[in-house]
Number of protein chains: 2
Amino acid sequence: MSTQARIVFIVSDGTGITAENFSQSILAQFEATFKHIRVPFVDSPEKAHDAVSSINQAASKYEVQPIVFTTLVNPELNTIVGKANGLILDMFQTFVAPLEQALGVKSTHAMNRLHHNADTEAYKNRIEAINYSLAHDDGQSNKNLAEADVILVGISRVGKTPTSLYLAMQYGMKAANYPLIPEDFERGQLPKDLIPYRSKIFGLMIDAERLSEIRNERRPGSNYAKLENCRYEINEATAMMKKESIPWVTTTSKSIEEIATTVLQSMKSDKTILG
Amino acid sequence: MSTQARIVFIVSDGTGITAENFSQSILAQFEATFKHIRVPFVDSPEKAHDAVSSINQAASKYEVQPIVFTTLVNPELNTIVGKANGLILDMFQTFVAPLEQALGVKSTHAMNRLHHNADTEAYKNRIEAINYSLAHDDGQSNKNLAEADVILVGISRVGKTPTSLYLAMQYGMKAANYPLIPEDFERGQLPKDLIPYRSKIFGLMIDAERLSEIRNERRPGSNYAKLENCRYEINEATAMMKKESIPWVTTTSKSIEEIATTVLQSMKSDKTILG
């Protein structure tokens with residue numbers, strides 16, 4: 001066993017992004033280092049042969065078979081790439097066969113069926129949701145809050161912006177976000193623009209130590225970043241959320257995807273689930 | 001064969017987002033309608049049994065086995081869910097066994113190895129990239145353009161903002177974007193802030209008919225949306241990109257993921273590939 005990174009190819013007739021994400025998840029289960037090479041848009045025999053050449057070259061150079069995740073719809077291209085000198089993990093055929101049997105129909109073998117849906121209503125909604133979330137980032141606008149699918153609230157630097165954008169980008173949700181600021185705590189009330197929409201509000205929270213660290217990177221040595229001030233804001237925000245019966249999640253060591261999933265679960269407005 | 005949507009469960013010990021994306025890609029190959037139900041964070045026997053109950057209930061209610069994609073690292077939980085009354089497609093074990101053999105090591109069976117990396121450098125870079133891309137959206141700031149990994153340019157409504165945000169969110173790339181406006185065409189030059197960074201510039205282009213449609217949704221009946229005006233801006237932008245040797249991609253019927261992948265391929269700055 002060398003400590004050299006093992007080469008991993010992702011060969012796809014689409015973007016290969018999903019297969020790449022999957023390969024990263026599964027390979028994270030192994031105590032080894034990997035170097036991912038994504039080969040997207042492999043939609044012709046020429047490109048399939050090019051992919052095979054790259055794989056074979058890597059096999060020779062490193063004297064070990066690369067790992068090759070494939071998602072190729074076309075059987076001809078799949079056969080070509082399947083002959084490369086690598087450990088072929090065929091994400092597509094592995095599951096298509098049992099699905100064909102269960103569904104009692106053959107798969108269409110049409111490339112890019114999903115990704116060429118750029119003209120669909122769902123796709124337009126997604127773009128519209130991104131625009132909405134940008135326009136309603138950090139309380140920038142109190143217009144059209146009635147249209148929001150969710151309104152994230154929380155003190156500065158808890159992760160409201162990335163989570164809102166992710167919800168819009170991945171799920172086409174109109175996700176507004178609103179900061180909770182010291183003035184709100186002094187008044188002891190939610191920002192008044194939000195009061196009519198309480199049922200759509202979800203809170204983000206964070207540990208004081210982590211928040212202080214994040215704020216210190218942004219404004220080193222400021223009162224804003226001081227642990228004591230972070231503790232004060234967190235206590236006040238927590239009290240307000242309890243008083244207003246707003247559900248919240250602690251973001252401290254969660255990824256954007258985990259925060260977004262938790263918000264969806266709690267709001268029970270997971271469009272994918274309910275739609 | 002009924003026309004009723006077939007139920008698809010995604011049962012994961014993490015967010016299940018990758019498995020959900022994958023199931024959507026593969027099921028797009030079948031002429032049928034599907035209803036996806038994502039069951040995330042299944043990290044205890046109790047939650048695994050709950051998932052099984054939901055699957056079994058759906059099987060009884062619709063009198064047909066649901067399709068069940070699983071990504072469960074823990075063998076005990078995997079065994080529990082594997083007994084549900086569904087067509088079980090085990091994305092995890094299917095590939096772990098051949099990987100263990102090829103790598104000569106056992107998988108760690110550690111849940112959330114990837115997603116609990118919220119404190120890593122890569123994760124911080126991702127958040128920083130999102131903030132950068134937001135601050136450099138639509139030419140808002142010409143500061144720190146030297147830090148950009150890529151600068152997208154194009155006329156209004158070609159898809160610069162969603163693509164920039166996607167590149168930041170998915171790949172941690174600092175993606176700025178800059179509009180090309182009639183004043184730039186009159187001068188016959190790129191915006192002068194961009195000139196030092198020509199090698200990082202990538203163009204987005206679109207068909208005139210589609211652009212006119214998109215702009216009409218935003219400002220119905222405006223000169224801005226008129227087909228003739230769209231044609232003019234597209235011609236001028238194309239001439240400028242040719243003159244300045246800027247590569248570009250036509251976004252007309254491409255998804256955000258496809259545009260982003262094309263940008264990465266062309267820039268050869270795919271951090272995942274080169275990193």
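Predicted model: local features only at pLDDT ≥ 70, side-chain atom pairs only at ≥ 80, totals over all residues.
Leaving aside its neighbours within four places in sequence, Arg218(A) is in contact with Arg157(A) and with Asn131(B), and so the residue touches both its own chain and the partner chain under the criterion of heavy atoms within 4.5 Å. Arg218(A) is found in helix H8 of chain A, which covers residues 208–218, and the C-alpha atoms of Arg218(A) and Arg157(A) are 9.7 Å apart in space although the two residues are 61 residues apart in sequence.

In chain B, Arg218(B) lies in helix H8, residues 208–218 of that chain. Once its neighbours within four places in sequence are left aside, Arg218(B) is in contact with Asn131(A) and Arg157(B). The residues Arg218(B) and Arg157(B) are 61 residues apart along the chain, with a separation of 9.7 Å between their C-alpha atoms.

## Extent of the interface

How many residues does the contact take from chain A and from chain B? The contact takes 86 residues from chain A and 86 residues from chain B, and the area buried between the two chains is about 7800 Å², of which carbon and sulfur atoms give 64%. Within the area that chain A buries against chain B, Gln29(A), Phe30(A) and Phe95(A) supply 10%, which is more than any other three residues.

Two packed helices are described by the angle between their axes and the distance between the axes. The crossing in which H4(A) passes H1(B) is right-handed. On the side of H4(A) the contact is made by Phe95(A), Val96(A) and Leu99(A), and on the side of H1(B) by Phe22(B), Ile26(B) and Leu27(B); by class, the residues of this contact divide into six nonpolar, no polar and no charged. Phe95(A), one of the residues through which H4(A) meets H1(B), is also one of the three named above for their share of the area that chain A buries.

H1(A) passes H4(B) in a right-handed crossing. Here the contact is made by Phe22(A), Ile26(A) and Leu27(A) of H1(A) together with Phe95(B), Val96(B) and Leu99(B) of H4(B), and the classes represented are six nonpolar, no polar and no charged residues.

## Helix H6 against helix H6

Helix H6 of chain A and helix H6 of chain B, each covering residues 160–171, pack at an angle of about 115° with their axes 11 Å apart, which makes H6(A) roughly perpendicular to H6(B). The crossing of H6(A) and H6(B) is left-handed.

Which residues make the contact between H6(A) and H6(B)? From H6(A) they are Pro162(A), Leu165(A), Tyr166(A) and Met169(A), and from H6(B) they are Pro162(B), Leu165(B), Tyr166(B) and Met169(B). By class, the contact of H6(A) with H6(B) has eight nonpolar residues, with no polar and no charged ones.

## Salt bridges

Over all chains the structure holds 22 salt bridges, and the count between chain A and chain B is two. The side chains of Arg126(B) and Glu257(A) meet in a salt bridge, with a distance of 2.7 Å from N to O.

Within chain A, the side chains of Arg38(A) and Glu20(A) meet in a salt bridge at 3.3 Å, again from N to O. This pair links distant parts of the chain, since Arg38(A) is in strand S2 (residues 34–39) and Glu20(A) is in helix H1 (residues 17–27), 18 residues apart.

Terms used
Residues numbered from 1 in each chain as written. Chains lettered and ligands numbered in written order. Heavy atoms only, no water. Left-handed = near helix turned anticlockwise from the far one by under 90°. Helix = DSSP H or I, 4+ residues; strand = E, 2+ residues; numbered from the N terminus. Nonpolar A, V, L, I, M, F, W, Y, C, P; charged D, E, K, R; others polar. Buried area = accessible area lost by both parts, 1.4 Å probe. Salt bridge = Lys/Arg side-chain N within 4 Å of Asp/Glu carboxyl O. Axes fitted to C-alpha atoms, helices over the stretch in contact; angles between N-to-C directions. Parallel < 35°, antiparallel > 145°, perpendicular 65-115°, else oblique.
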